Amino acid sequence: MTFNARGAFAIFKNELMRMFRTIFGSILSPVITTSLYLVVFGAAMGERMDLGGVDYGAFIVPGLLMLTLLSESTSNASFGIYMPKFTGAIYELLSAPVGVAETLIGFVGAAAVKSLILAAIILGTASLIVDYSIAYPLLALGYIVLVAASFSLLGFIIGLWADGFEKLQIIPLLVLMPLTFLGGTFYPISALDGVWQTVAMINPVVYLVSGLRWTFLGQSDFPIWVSFGATVAFLLICIAIIGWIFKTGWRLRE
C-alpha cells in the first residue's frame, strides 16, 4: 500500500486542532505551572546552591523544560489514540486506507508538535523571569525534537494499552513525574552523596535532563553522547513495540 499523505495530514490536523479547542489545559496550565516553579524554587533554593558560577534560574530551565516535555508529550499522545478506542472510532481508522506510518505521523506527530509549541512558549516565558542562554541552539532544538517524538511514541503505546481513563494517568503521574523530580531537575547529581549518586544513575530521566542541560550550559553530569544514545535507543524500542502491536492487533481489535 502506498503512503497516504492526505490521510496522515487529516489525522494530524484533527489532533493538532484539539489543542486549540482546549487552550487552557493544553497551553496556559503548563506555562503557569512552570513559571511558578521558576519563581518559587529560584527564590527558595537559588542562594543555597553552589553551581560554579551558573545562575540557579538558568540551571533549572532545562530541567523544567524536560519535565514539561515528558509529561505533555506522553499525555497528549495517549489521550489522542485512547479517545478513538473509547468511542469506537478506532475501527473506522483500522478499516481506512492508512497504515502504521500514517497513523504514527498523525497522532504521534501532532502530540510532538504540541509539545514543541509548548516548549517554545515556556522558553519565551522563562526569559522574562530568569536570565539564561543556550550554548548550542541547534543541538538543543534537535534534542528537544528527539525527546518529544520518543515520549509521544510512549504515550501512543500507553493509549493503546489503557482500558480506562485512570490507566492513562498511571505512568505519567506515578512513574514519569517522580522520576523527573528525582532526575536532577532542580539540582546537580554531583551534589548528592555517594550512595544517592549511584541510585540516581539508575534513573533513565537523569540522562535526558543532563543531555538537555548540556545543550544549554555546555556542561552536565554526563557526556552528551550518553544522553543522545539512550534517547535514540528508547525511540527505536517504542517504534518496535508499536510495530508489534499493529502486526498482532493487541488492544486494537478487542
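1. Val-39 sits in helix 2. In this predicted model, Val-39 has a relative accessible area of 48%, so the residue counts as partly exposed. The cut-off for exposed is over 50%. Val-39 is one of the residues of a nonpolar surface patch of about 750 Å².

2. Ile-23, Leu-28, Ile-32, Leu-36, Val-40, Leu-128 and Ile-129 make it together with Val-39. Helix 2 gives six residues, the largest share. Helix 2 and helix 5 each contribute at least two residues to the patch.

3. On the overall fold: the chain has eleven helices and zero strands. Along the sequence the pattern reads α-α-α-α-α-α-α-α-α-α-α. The C-alpha atoms fill a box of roughly 60 × 35 × 35 Å along the principal axes.

4. Burial and surface come next. Of the 254 residues, 47% count as buried. The accessible surface of the chain is about 12400 Å². Carbon and sulfur atoms account for 69% of that surface. Take contacts between residues at least 6 apart in sequence: 80% of these join residues at least 24 apart.

5. Now the interior. In soluble globular proteins, nonpolar side chains tend to be buried together. Here the largest nonpolar core holds 65 residues. Val-61, Leu-65, Met-66, Tyr-132, Phe-156 and Phe-216 touch the most other members. Several helices supply at least two residues each, among them helix 1, helix 3 (56–87), helix 5 (100–129) and helix 10 (204–217). Helix 6 gives the largest share, 13 residues.

6. Which residues does Val-61 contact, leaving aside neighbours within four places in sequence? They are Leu-38, Leu-123, Ala-126, Val-130, Tyr-132 and Phe-216.

7. How many salt bridges does the structure hold? There are three. One joins Glu-15 to Arg-18, with the closest N and O atoms 2.8 Å apart. Both residues lie in helix 1 (residues 5–21), three residues apart, about one turn of the helix. Glu-15 and Arg-18 are both buried.

8. Asp-163 takes part in a network of salt bridges with Lys-167 and Arg-251. The Asp-163 to Lys-167 pair has its closest N and O atoms 3.3 Å apart. The Asp-163 to Arg-251 pair spans 3.8 Å, N to O. This second pair links distant parts of the chain, 88 residues apart. Asp-163 lies in the loop between helix 6 (137–161) and helix 7 (165–168), whereas Arg-251 falls in the segment after helix 11 (224–248).

9. A last point on Phe-20, which is in helix 1. Its relative accessible area is 43%, so Phe-20 is partly exposed. Phe-20 and Ser-190 are 170 residues apart in sequence. Their C-alpha atoms are 41 Å apart in space.

Technical notes
Residues numbered from 1 in each chain as written. Predicted model: local features only at pLDDT ≥ 70, side-chain atom pairs only at ≥ 80, totals over all residues. Heavy atoms only, no water. Salt bridge = Lys/Arg side-chain N within 4 Å of Asp/Glu carboxyl O. Helix = DSSP H or I, 4+ residues; strand = E, 2+ residues; numbered from the N terminus. Buried < 20%, exposed > 50% of the residue type's maximum accessible area, 1.4 Å probe, protein only. Core = buried A, V, L, I, M, F, W, Y, C linked by side-chain atoms within 4.5 Å. Contact = heavy atoms within 4.5 Å. Patch = residues over 30% accessible without salt bridge, like charges linked within 9 Å, V, L, I, M, F, W, Y side chains within 5 Å. Areas by Shrake-Rupley, 256 points an atom, 1.4 Å probe, with all protein chains shown as cover.
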